[in-house]
Amino acid sequence: MKKYLLLMVFPFLVMGCQTQSKYDQLNLEEITISELQEGFENGDFTIEDVTAAYLERIAEKDQNGPKLNSMLYINPMALDVAKELDSELREGKKRGPLHGIPVVLKDNIDTYDMPTTAGANVLKSSVPDQDAFIAQKLRSAGAIILGKANLSEWANFHSSFSSSGWSALGGQVHNPYDLTRNPCGSSAGSGAAASANMAVFAIGTETNGSITCPSSANGLVGIKPTVGLLSRSGIIPISHTQDTPGPMARTVTDAATALGTMVGVDSSDSKTLESEGNYHSDYTQFLNADGLEGKRIGLWTGSLGGHFRVDTLMHETVRLLESKGATIVEVDQITQENAGGASFQVLLYEFKDGLNKYFASLGDDAPVKNMDELVEATLNDPEEMRYFDHDLLIQANEKGSLESKDYQDALQRMLRITREEGIDRVMDEYELDAIIGPTGGPAWKTDLTNGDNFAVSSSSPAAQSGYPNITVPMGFIDGLPVGISFFGRAWSEPELIEIAYAFEQASNVRKAPKL
C-alpha cells in the first residue's frame, strides 16, 4: 500500500533519483514555519514546490536509502491540496498560521482520505468517514497532511513486552541518529519523521511518555498538553483519562504555533469542556527569551540515578538554568505512594471501553466490531504473533465496565496520588513554577527479541495526573540526543512554554541527524 502511494506521487523515482533533490535545491533543512511562510509570501518557492520536496525526501530517505521506515501512508491528494493553497495565497487569502505547512500525523488519528490503523493488520483497510477533530483543525489552519506516521502498534499497549516503533503493519521505525537504535515511545514514527525533516512538524499522542520519549530520543521539542486541552475524538484510544495528542517539532516556536491551532472545545470529547477559559489560540505570545529569570524550578532527584552520563548532563543543565536567573530546588519525591498499579488498571478498563466505542464509530465498515473480535483476529494472525504475545489485549478484554468498583477505585486513587497529593502538593510546598527531570536516556539498540530497555524516564507524574509536560533537547551522549522535561500544574502550558523557550534559546543544542 505505501509503496503504491509513493510511486503514484513520484513515478520518476523508479528510474533513478535526480543528482540534487528538490529538498536540497530549496534549502529546506531545519526550516521553520515562519521561514516557510516568509518564503511563500516573497515568492521564493511555492507551497507545491515545498510539498513535492518533502514527498520526494520521504521516498528517498524513508522508504529507500537509509529506510527510516517512519511513514505508513502517503496522502495521494497532498499535491492537489498544495496547488489549492497556492491559488488561495495568490488571491490574498490565508487560512491560518499553518497555511501551506506540511505535517504528518501518527496513524491512530483519523483522516477521511487515508487509512487509520494503529499499526494493526486488522485495520489496514479502515478509512474513517471523517477527520479527527484535531485533523480538521490543522486543515482549517492551512496545514497539508503529507501522510500517516508508523507507530508502536495500538500505541504500545498490546503486549507483555514490545519494541517501541514496531507494528505488524509497518515494521520497525529506526532512529535517524543511529539506524540500529530505537526511536522510543508509541509516537516513534512521528518523532523520527519530524527529526529527519520529512515534514515541518508531526503530531503524536501520549498516554505515558509517547510524545516526550520519542521527542527526547529524536532530538525534538514535544508538548504533552493538559488532558482536555486538545480533543481526542477520532483518535484510536488507550485511556480517556490519560490520552492526549500533541505537537512534536524541531523548535519550541513551531511546537507552540502548532499547539494553538488545535485547541478548542469539542462536544464529542467531554474532557475538552474543562479547557474552556484555559486555552489560548496563540501560544507564541508566551515565548520569552528571559523567561527563566526569577523562576523557581524543582529538580526531581527521583528521576536521576538511571544513567550516570545523563545525570552529568542534567547537572550541567541545572547550572545553565541558574545562570539565566532560575532558582533550582531539589525535590526528592513527587508522589508519596506509587500510582503505577492504579494507572495500569485504569488503562486496561478504559482501553476496552474506548476501543469498543471506536469500532462502533466506524459503522458497518468496521473490520472488527468489538474487542472479542479483535483479540480473536490478532491471535490467529501469524504476522501479529511473530514477536509479541499481545497479552494486554487479552487482559483488557477480560475487564468489566467502567461502572465497576475496581475501576472507580483505581481511577480515584491514581488521581489523588498524582494531583492533590502529588504535583499540586509539591509545587505549593516549594512554591514552584515548574518541575524538571531528564526525559529519557540515549536511545537503546532496537531488540525485537528482548524488547525495550528503558533506563531513564520522568513522564509518569504528568502522564498519570493528566498535567502538561514539555521536553526540549538538552544535549548529546555519543551522538544520541537526550531531552529535559518541564512539567507542572494543569493548564500551565503558558508558563512551561516560557521556561522551555528560554532554556532552548540559552542552550541551542538541536542538531539534525545525518542521513
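This is a predicted model: local features need pLDDT of at least 70, side-chain atom pairs count only at pLDDT 80 or more; totals for chains, interfaces and linings use all residues.
**Stop 1: the disulfide**

Select cysteine 184 and cysteine 213. Their sulfur atoms are 1.6 Å apart, and the pair forms a disulfide. How many disulfides does a search of the whole structure find? The search finds 1.

Look along the S-S bond. The torsion about the bond between cysteine 184 and cysteine 213 is about 80°, so this disulfide is right-handed. Cysteine 184 sits in the loop between β5 (171-172) and α7 (188-195), while cysteine 213 belongs to helix α8 (residues 212-217). The pair therefore ties together parts that are 29 residues apart in sequence. Are these cysteines buried or exposed? Cysteine 184 and cysteine 213 are both buried.

**Stop 2: helix α5**

Select residues 78-90, which make up helix α5. Check its length. The helix has 13 residues, so at 1.5 Å a residue it should span 18 Å. The C-alpha atoms at its ends are 19 Å apart, which agrees.

Next, color Ala78, Ala82, Leu85, Asp86 and Glu88. These residues of α5 are buried. They cover an arc of only 160° around the axis, which puts them on the same side of α5.

Glycine 92 follows α5, and its phi is positive, near 80°.

**Stop 3**

Most residues other than glycine have a negative phi. The next two selections have positive values.

Go to asparagine 27, in the loop between α2 (22-25) and α3 (33-42). Phi of asparagine 27 is near 55°, a positive value in a residue other than glycine. Buried or exposed: which is asparagine 27? Its relative accessibility is 60%, so asparagine 27 counts as exposed; the cut-off for exposed is over 50%.

Finish at aspartate 478. This residue is in the loop between β12 (469-477) and β13 (480-487). Aspartate 478 is not a glycine either, and its phi is positive, near 50°. With 63% relative accessibility, aspartate 478 counts as exposed.

Conventions
Residues are numbered from 1 along each chain as its sequence is written. Side-chain values use heavy atoms; hydrogens and water are left out. Helices (H or I, at least four residues) and strands (E, at least two) are DSSP runs, numbered from the N terminus. Buried means under 20% relative accessible area, exposed over 50%, partly exposed in between (1.4 Å probe, protein chains only). A disulfide is a pair of cysteine sulfur atoms within 2.5 Å. The expected span of a helix is 1.5 Å times one less than its number of residues. The arc is that of the directions from the helix axis to the C-beta atoms.
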